Amino acid sequence: MKADNGADADVIVIGGGLHGTSSALHLARAGLRVTLLEADYCGRHASGVNAGGVRTLGRHVAEIPLALASRNLWHRLADLTGDDAGFVPSGQLKVAETDAELDVLRQRVAELEALGFTHETMVDAKTVRELVPAIAPHVTGAIWVRDDGHALPYRAVTAFRLAAAKAGAVIHEATPAQRVEQAGTRWKVHTPRGVFHADRLVNAAGAWAGEFAAQIGEPVPVEAGGLMLMITHRVAPFVKPVLGATGRALSFKQYANGTVMIGGGLRCPADAQARHGEVDMLRLGTSAQTVTALFPHLGPLGINRAWAGVEAFMPDQIPVIGPSKAAPGVVHAFGFSAHGFELGPIVGQIVAELVTEGRAGLPIDAFAVDRFNQPRGAVAGALRD
Ligand SMILES: Cc1cc2nc3c(=O)[nH]c(=O)nc-3n(C[C@H](O)[C@H](O)[C@H](O)COP(=O)(O)OP(=O)(O)OC[C@H]3O[C@@H](n4cnc5c(N)ncnc54)[C@H](O)[C@@H]3O)c2cc1C
């Protein structure tokens with residue numbers, strides 16, 4: 001039976017970002033009565049304002065199985081949610097600008113191949129130029145991932161939110177969870193709109209997830225940080241793949257309307273309490289210069305707008321995904337450290353598996369919430385991007 005108003009449910013999801021809405025969809029499809037509580041509106045924070053990169057390229061080794069499975073879901077997002085969220089399978093290219101950078105990329109691909117992963121492939125300078133004819137002549141080669149791409153972030157969250165609601169999830173926006181409390185085998189979530197009850201809780205509160213982890217006696221070192229993006233005026237088509245650099249923080253893509261989105265992990269301050277990031281214009285200027293180093297013809301191009309979002313960062317740059325080790329019936333999914341958009345579709349599926357079956361179909365040990373209490377080196381997946 002479906003809950004009428006969501007006050008009593010099988011599971012409460014806290015947070016209406018991509019991970020919360022994806023969890024709500026998969027949980028509702030599994031037959032559970034789901035209530036989702038969102039403090040602002042779904043997609044208001046990182047999930048709705050990010051660069052939309054659907055990238056398996058450059059992932060931490062522990063994330064690769066999830067990233068590959070998630071990418072499969074991106075390719076059939078319309079079947080999953082009813083909308084493809086503007087997903088474009090453009091491929092992603094990480095270019096080297098020197099021979100030394102090319103060696104770094106070669107080593108990365110060799111390490112992955114030794115582990116059995118073949119999704120990242122080396123391409124030489126000639127192939128880079130075939131893929132992106134306008135690129136500066138000094139580029140020495142690249143890693144190419146053909147099946148990666150990009151999608152429209154707010155549209156993606158909306159697709160999951162609408163599909164979750166259609167599957168029976170009850171979604172309350174402008175409803176911040178203020179306090180969670182265990183009452184026997186049940187959970188109570190206190191909000192300004194009353195108390196919500198459920199057997200299970202999913203903590204998908206993004207940069208604010210640490211508050212709930214602490215409340216259930218499981219403090220984690222998650223921190224809110226800002227990330228910036230800017231978008232240019234329209235320019236004639238010059239690049240199809242999403243393009244990243246090796247020696248500098250840069251990632252950008254051109255949309256069908258000609259505008260170019262420039263980002264690539266550009267950090268800036270964030271005020272978690274005020275719930276906003278703060279654009280650092282100086283840093284953005286440096287990033288714009290990097291783009292013109294790779295594409296000199298873009299020099300005169302104007303910037304249309306810039307913004308900052310608030311993201312949850314972990315000390316080891318990989319998320320927390322898994323059951324609470326301190327409180328029964330709680331599953332965490334947060335701390336995506338600037339690359340969680342791509343993982344959204346699969347993480348919702350994993351959360352649903354954890355809630356319904358108590359185990360995940362993909363390896364998630366590296367994402368355990370208590371890994372920061374372990375002796376150094378005890379966590380699997382030691383290779384970094
Ligand atoms: C500028 C920028 C660019 C990025 N680019 C990319 C990219 O190209 N590719 C990629 O893979 N990733 C990218 N990311 C990262 C990605 O956006 C995030 O990792 C991902 O969206 C995190 O999703 P989430 O659902 O965990 O968090 P969020 O989207 O932040 O959602 C958490 C939600 O919880 C809600 N919430 C918080 N507290 C409460 C409460 N007390 N009660 C109820 N609700 C609450 C918030 O309002 C929020 O809506 C980028 C991030 C930013 C900011």
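How many aromatic pairs does the structure hold? I looked, and the structure holds 6. For pairing I took rings of Phe, Tyr and Trp (its six-membered ring) with centres within 6.5 Å; planes under 30 degrees apart are stacked, over 60 edge-to-face, the rest tilted.

Ground rules. I'm working on a predicted model, where local features need pLDDT of at least 70 and side-chain atom pairs count only at pLDDT 80 or more, while totals for chains, interfaces and linings use all residues. Residues are numbered from 1 along each chain as its sequence is written, and side-chain values use heavy atoms, with hydrogens and water left out.

Entry on F238. I find F238 stacked with F252, at 6.5 Å centre to centre and 25° between the planes. This pair links distant parts of the chain, 14 residues apart: F238 is in the loop between β12 (223-232) and β13 (242-245), F252 in strand β14 (residues 251-254). Helices (H or I, at least four residues) and strands (E, at least two) are DSSP runs, numbered from the N terminus.

Next I checked F295, which pairs edge-to-face with F238: 5.0 Å centre to centre, 70° between the planes. F295 sits in the loop between α9 (281-294) and β18 (303-313), 57 residues from F238.

Buried or exposed? I get 10% relative accessible area for F238, so it is buried, and F295 is buried at 0%. F252 is buried too. (Buried is under 20% relative accessible area, exposed over 50%, partly exposed in between; 1.4 Å probe, protein chains only.)

Entry on the other rings. I noted a cluster of W74, F87 and F341, linked by ring pairs. I also saw R267 over the face of F313, 3.6 Å from the ring centre, and the charged end of R275 over the ring of W208, 4.4 Å from its centre. The cut-off there: NZ of Lys or CZ of Arg within 6 Å of the ring centre and within 35 degrees of the ring normal.
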